[in-house]
Amino acid sequence: MHQLGQTRSANRRDHLLLTPDTFIRTPLPGLTRGFAIVHVSPQAGAAFTMMTVELDASGTLVEGPTQRLLYVLEGKLTLSEPGTKKPHKLTPGSYAYLPTGHPHTLTATTASRVVVIDKPFLPLDPQYTTAKITDVPEFLIGHEQDLPATALNGDKDLLVRALLPASLTFDFACNTMEYAPGAALSQVEIHYMEHGLLMLQGGGIYRLGDSWYPTTSGDFIWMGPFCPQWFGAIGKKPAKYLIYKDFNRHTIA
């Protein structure tokens, strides 16, 4: 139905809210039998790209120009690496981290949707590397529900699962955050890190800058550095989102 130019989407200096009614699907190099919804990219001022890739059955996505994180939203897929005899099977909640230059092919067995985060890797200064902290991240794969949940600031109604290890090797973090109905962040956060956020389920109210937005499953939010931000869950079901942030590096780098 034509909405006469109305949408919940908003584009401000320090934040961006994109709702599904404004999504545009586009082809990408290395993507076959599918399209990408580019939620945010350097053209908008972000230092990373976050998109949802929609694949038909037999659709494929191959290595991109940067390090990459995959998170499966829907469908069944396989992830193949050269020299690996058996491809990895991916289902909703599966994720994989692929370092820069790590060849791979993602193939959809059924119609699928996958979050893709691409970011140029910022090397760690050699003075900070140790036997446990290397200068180059390695390939990893897992499933979100197998990860331990941590109560944010001790609040058991707000659970965080970290997809990437707590190591300076990685120059970004990616977590899921699940809010019990009525739960909320304990403070308005203002910090140097930028975020990319995709609502996975439920909804609530997000404060971004000086604006307050109703948000629901399927919405995407970008928060620039030092954007005031706060979220509270509303409704009878838990709210959950996937969130990216740049991390583990000096701000002058």
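User: Where does Pro 137 lie?

Analyst: Pro 137 lies in the loop between β10 (112-119) and β11. Strands here are DSSP runs of E with at least two residues, helices are runs of H or I with at least four, and both are numbered from the N terminus. This is a predicted model, where local features need pLDDT of at least 70, side-chain atom pairs count only at pLDDT 80 or more, and totals for chains, interfaces and linings use all residues. Residues are numbered from 1 along each chain as its sequence is written, and side-chain values use heavy atoms, with hydrogens and water left out.

User: Is Pro 137 buried or exposed?

Analyst: Pro 137 counts as buried, at 5% relative accessibility. Buried means under 20% relative accessible area, exposed means over 50%, and partly exposed is in between, using a 1.4 Å probe and protein chains only.

User: What is Pro 137 in contact with, beyond its neighbours within four places in sequence?

Analyst: Those residues are Tyr 97, Pro 99, Phe 121, Thr 169 and Phe 170. Contact means heavy atoms within 4.5 Å.

User: Let's step back. How many helices and strands does the chain have?

Analyst: The chain has zero helices and 20 strands.

User: What about its radius of gyration?

Analyst: The radius of gyration is 18 Å, which agrees with the value near 18 Å for a compact globule of 253 residues. That radius is taken over C-alpha atoms, and the globule rule is 2.2 Å times the number of residues to the power 0.38. Along the principal axes, the C-alpha atoms fill a box of roughly 50 × 50 × 35 Å.

User: And how much of the chain is buried?

Analyst: Buried residues make up 47% of the 253 residues. Of the contacts with a separation of 6 or more, 67% come from residues 24 or more positions apart.

User: Next, Glu 144. Where is it found?

Analyst: Glu 144 is found in the loop between β11 (140-143) and β12 (150-152). Glu 144 is buried, with a relative accessible area of 2%.

User: Which side chains does the side chain of Glu 144 make polar contacts with?

Analyst: One is that of Tyr 71, at 2.7 Å. Another is that of Lys 240, at 2.9 Å. A polar contact is a pair of N or O atoms within 3.5 Å; within protein, one must be able to donate a hydrogen and the other to accept it, and residues adjacent in sequence count only if both atoms are side-chain atoms. Leaving aside neighbours within four places in sequence, the residues in contact with Glu 144 also include Gly 93, Arg 161 and Thr 176.

User: What about Thr 52, which strand is that in?

Analyst: Thr 52 is in strand β4 (residues 49-62). Thr 52 counts as buried at 4% relative accessibility, and its side chain makes a polar contact of 2.8 Å with the side chain of His 39. Not counting residues up to four places away in sequence, Thr 52 touches several others, among them Phe 35, Leu 73, Arg 113 and Leu 198.

User: Last topic: which residues other than glycine have a positive phi?

Analyst: Arg 33 is one of them, with phi near 50 degrees, and its place is in strand β3 (residues 31-40). Asn 248 is another, with phi near 70 degrees; Asn 248 lies in the segment after β20 (239-246).
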